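This briefing takes up the nonpolar cores of the structure shown below and then turns to the contact between its chains.

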Amino acid sequence: MNRKILAGILAIGLVALAVGWGTYSQFSDTETSVTTFSAGSLDLTINDQNGVPVTFNWSNLRPGNQPHYSLTLKNIGTITGYLDISSIVVVSEENGLTEPEIEAGDNSNDTGELDDVLNIRLWLDYDHNGWWSQGDKLIWGGLVRDLPSSFTDINEEIPANGGVDFVVELYDWWQHGGVDNQAQTDTLQITFTFLLSQNP
Amino acid sequence: MISKKILASLIVIGLVGLAVGWGTRSQFSDTEKSVTLFTAGSLNLKVGESDPTSWNIVLNDLLPGCNGSVSVTINNTGTINGNLSIFFSDPVDEENGLTEPEIALGDDETSGELAENLYLKITIDGTIVYEGYASGVLSGGISNYPLNAGVSKTFTVEYSIDESVGNIIQSDTVGFTITFLLTQA
């Protein structure tokens, strides 16, 4: 009985070996392909600052001043993006009332009047000279108080490694007569948030 | 007496044998030769235009909301029928550094996020080899798919990224190796 079982196991072993051997000796062919998917990137910088607010300050402004500043907006990503201004926030502060302000009729101590007398012009400065000129792309011009809270239809195309200059200019502060005095010591803070997105 | 008869019989048989032999020589005759060659069949798998294959998928600058497909012809150019197996190996999942928008989302360097956001549908002539996110591709594959001699099939990789994925996948890379194995049927 034991002998038969042993013989049986031995037979199975031999068959298994034969099958194994047979598999190795069959024809076969192998081909391999390497597959790589990489996502692109979109990353906007302002004056080469990334993720850090860029701030400009002017003090002691007076009628006739025409301050302006340029922001260089760059796409340091790998794909083309489209630029919009997703948010504009204007904060106008009174900072107390001077005697000339009161004489000019300012009797509100809560909000300033600088936004009522100052005009603002926003444009894309294609010739990079910092001034409004023919061929530049005007985004908006008018009194600060009328400034929209966003511009989502600019859709300025900025290719990878490309950039555009955005200029903010304050102008036309001389035609308001005695009302201009209402803006004395007032503060105006304007915050622009730019958005670079993959679709126009 | 008996011995003599046997001897005589043998002689007679011998003469008849000789006569038959002689007769054969003078009959009409024809000879045909058959040469028998044993040649082994061949089993050769061709993926794409060159053999061995140079077909690789390299897709850059993928975006949320993108989709597309890449196809290649798989051909048994041998002379015998085969069974095709396809399997996936050597996964790649890389962050490739962090862009500022990724950092703003709290992303870190440990591994990329494209693998769990790149949706794949991999088919051969409509039969699904794998369907799901790239992160699970190693679980995919197919075996014993008949590929007879001279037959071609189309292997297709469809991909898509949902629009809602956003910045977290920026500059990330995902990859894997596809092995095609043809064995005799």
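Of the 31 residues in the largest nonpolar core, those touching the most other members are A:Phe37, B:Leu114, B:Leu118, B:Leu120, B:Ala134 and B:Phe180; such a core is a set of buried Ala, Val, Leu, Ile, Met, Phe, Trp, Tyr and Cys residues joined through C-beta atoms within 7 Å, where buried requires 20 or more other C-beta atoms within 10 Å of a residue's own, with C-beta atoms placed from the backbone. This is a predicted model, in which local features need pLDDT of at least 70 and side-chain atom pairs count only at pLDDT 80 or more, while totals for chains, interfaces and linings use all residues. Residues are numbered from 1 along each chain as its sequence is written, and chains are lettered from A in the order in which they are written.

- A second, separate core has 10 residues, including A:Leu73 and A:Val167.

**Contact between the chains**
- Chain B places 40 residues in contact with 24 residues of chain A, contact meaning that C-beta atoms, placed from the backbone, lie within 7 Å.
- β9(B) gives the most to the side of chain B that touches chain A, with 12 residues.

**Strand pairing**
- β1 (residues 28–39) of chain A pairs with β9(B) in the antiparallel sense over 11 bridges, pairing requiring at least two DSSP bridges.
- Within β9(B), B:Thr179 stands opposite A:Thr32.

Key
Contact = placed C-beta atoms within 7 Å. Helix = DSSP H or I, 4+ residues; strand = E, 2+ residues; numbered from the N terminus. Buried ≥ 20, exposed ≤ 12 C-beta atoms within 10 Å, placed from the backbone.
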